[in-house]
Amino acid sequence: MRKDGQPGTHKGEGKHFGARRRRELPIPQLLIGIGLVLCMVPVLSNVYWQQVAKSNVTTLTDTASALDPAECDYLMAQARAYNARLGGYEDPEAAAALAGGEILPYDQQLALDGNEAIGWVEVPKADISMTVYHGVGEPALSSGVGHQPETSLPVGGERCNSFLTGHSGMRQFRVFDGIRALEPGDVFAVHVLDEVFAYRVTGWEIVDPTNVDVRPEPGDRCTLVTCTTTPDQWNPKGRIGVNDKRLLVVGERCEYDPAEFEDAQADISAYVNDNTRPALIGACLLLAFAAMLLIGRYLRKASRRGRASAMENGEAR
């Protein structure tokens with residue numbers, strides 16, 4: 001009871017009640033936690049799936065390393081003979097290695113123990129190390145990179161253009177999002193069995209899906225393909241997350257220099273595209289709202305402290 005006869009609150013009880021309220025309503029902290037989770041989920045998911053992809057590459061490499069050299073030579077000769085037949089040219093070395101034997105059908109080419117993988121693609125500037133599978137169906141594209149069946153196998157030749165296709169804008173991990181960073185002069189490679197086929201980017205273009213020309217032509221090329229949008233002034237290679245256009249990045253065969261691949265600087269652009277942008281915008285709004293709540297709470301506390309200090313000074317006088 002206060003001196004004036006009015007009921008009062010014990011100081012200890014008031015502190016306890018205030019502490020209990022703060023423990024029960026940590027709204028800003030919860031909002032910050034939710035916002036950070038929304039921001040981190042795409043990144044952490046991508047890290048996880050990239051590790052899975054690299055594990056698949058290691059498994060494929062180990063399987064190829066365990067093959068008998070004679071079997072490797074036979075499989076490579078089969079693939080080169082396949083490319084020669086597709087491109088309409090002669091490959092005497094491959095023909096001699098087959099000794100008149102039949103050329104295997106596409107789905108059996110470069111198949112190790114029945115595995116659908118035919119090799120793996122390395123794009124250092126885009127931080128890509130991913131298995132390449134037969135075909136461009138969803139099972140292949142949801143696991144890594146697909147090889148277009150109508151095109152040359154990625155083992156070189158006189159009239160070869162191997163098309164490797166990967167998704168862009170997947171929610172769980174980046175596949176070919178990063179090839180937008182490639183410019184003329186950059187390098188990438190396809191590892192098949194115990195050989196490495198390196199390519200130097202010569203250019204890129206955006207076309208309609210129906211205008212992708214996969215016919216063999218003179219030269220030894222590899223083309224990386226992904227979905228994109230009509231380009232604009234902010235996105236010259238289109239946006240990520242919409243698939244009404246195709247981005248083609250063309251590479252010409254070159255000498256493989258391991259040092260050049262090791263020294264390439266990976267593009268670490270943020271995982272932002274039309275699929276992940278809503279979650280990231282929501283996270284930013286939550287974080288901004290939480291910051292406003294924290295600022296408001298701080299200002300209220302400061303105001304109460306100021307009034308309490310003024311009252312104490314008044315009583316002292």
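A salt bridge is taken here as a side-chain nitrogen of Lys or Arg within 4 Å of a carboxyl oxygen of Asp or Glu. Arg215 forms such a bridge with Asp213, and their closest N and O atoms are 3.0 Å apart. The structure is a predicted model, in which local features need pLDDT of at least 70 and side-chain atom pairs count only at pLDDT 80 or more, while totals for chains, interfaces and linings use all residues. Residues are numbered from 1 along each chain as its sequence is written, and side-chain values use heavy atoms, with hydrogens and water left out.

The overall architecture comes first. The protein has seven helices and eight strands; these elements are DSSP runs numbered from the N terminus, with helices (H or I) of at least four residues and strands (E) of at least two. Buried residues make up 38% of the 317 residues, where buried means under 20% relative accessible area, exposed means over 50% and partly exposed lies in between (1.4 Å probe, protein chains only). The protein exposes about 17700 Å², and carbon and sulfur atoms supply 56% of that area. Accessible areas come from the Shrake-Rupley method with a 1.4 Å probe, and for residues only the protein chains shown count as cover. With contact defined as heavy atoms within 4.5 Å, residues 24 or more positions apart account for 67% of the contacts with a separation of 6 or more.

His191 gives a local view of such contacts. His191 is found in strand E5 and is buried, with a relative accessible area of 11%. Leaving aside residues up to four places away in sequence, His191 touches Gly119, Trp120, Glu122, Val196 and Tyr256. Glu122 is 69 residues from His191 along the chain, yet the C-alpha atoms of the two are separated by 7.7 Å.

The backbone has two residues of note. Most residues other than glycine have a negative phi, and most peptide bonds are trans. Leu110, although not a glycine, has a positive phi of about 55°. Leu110 lies in the loop between helix H4 (92-98) and strand E1 (117-123), and its relative accessibility of 2% is why it counts as buried. Asp127 likewise is not a glycine and has a positive phi of about 55°. Its place is the loop between E1 and strand E2 (128-134), where Asp127 is partly exposed at a relative accessible area of 43%.

The charged side chains can be followed next. Side chains of opposite charge can pair when their charged atoms come close. The structure holds eight salt bridges. In one of them, Asp208 pairs with Lys245, the closest N and O atoms being 2.4 Å apart. This pair links distant parts of the chain, with Asp208 in the loop between E6 and strand E7 (219-228) and Lys245 in strand E8 (residues 245-254), 37 residues apart. Asp208 is partly exposed, with a relative accessible area of 30%. In the pair named at the outset, Arg215 is exposed, with a relative accessible area of 59%, whereas Asp213 is partly exposed at 39%.

Another salt bridge brings together the side chains of Asp220 and Arg253, at 2.9 Å from N to O. Asp220 lies in strand E7 and Arg253 in strand E8, so this pair ties together parts that are 33 residues apart in sequence. Asp220 counts as buried because its relative accessibility is 13%, and Arg253 is partly exposed with a relative accessible area of 36%. Salt bridges that share partners also join Glu217, Arg221 and Glu252 into one network.

Other charges gather in surface patches. Patches are made of residues with over 30% relative accessible area and no salt bridge; like charges are joined within 9 Å, and nonpolar side chains (Val, Leu, Ile, Met, Phe, Trp, Tyr) within 5 Å. Lys and Arg count as positive and Asp and Glu as negative, while His and the chain ends are not counted. The place of a charge is taken as NZ of Lys, CZ of Arg, CG of Asp or CD of Glu. A positive patch is formed by Arg300, Lys301, Arg304, Arg305 and Arg307. Of these, Arg307 belongs to helix H7 (residues 277-316) and is partly exposed, with a relative accessible area of 48%. A negative patch is formed by Asp68, Glu71, Asp73 and Asp194. Asp194 is found in the loop between strand E5 (187-192) and strand E6 (195-207), and its relative accessible area of 59% makes Asp194 exposed.
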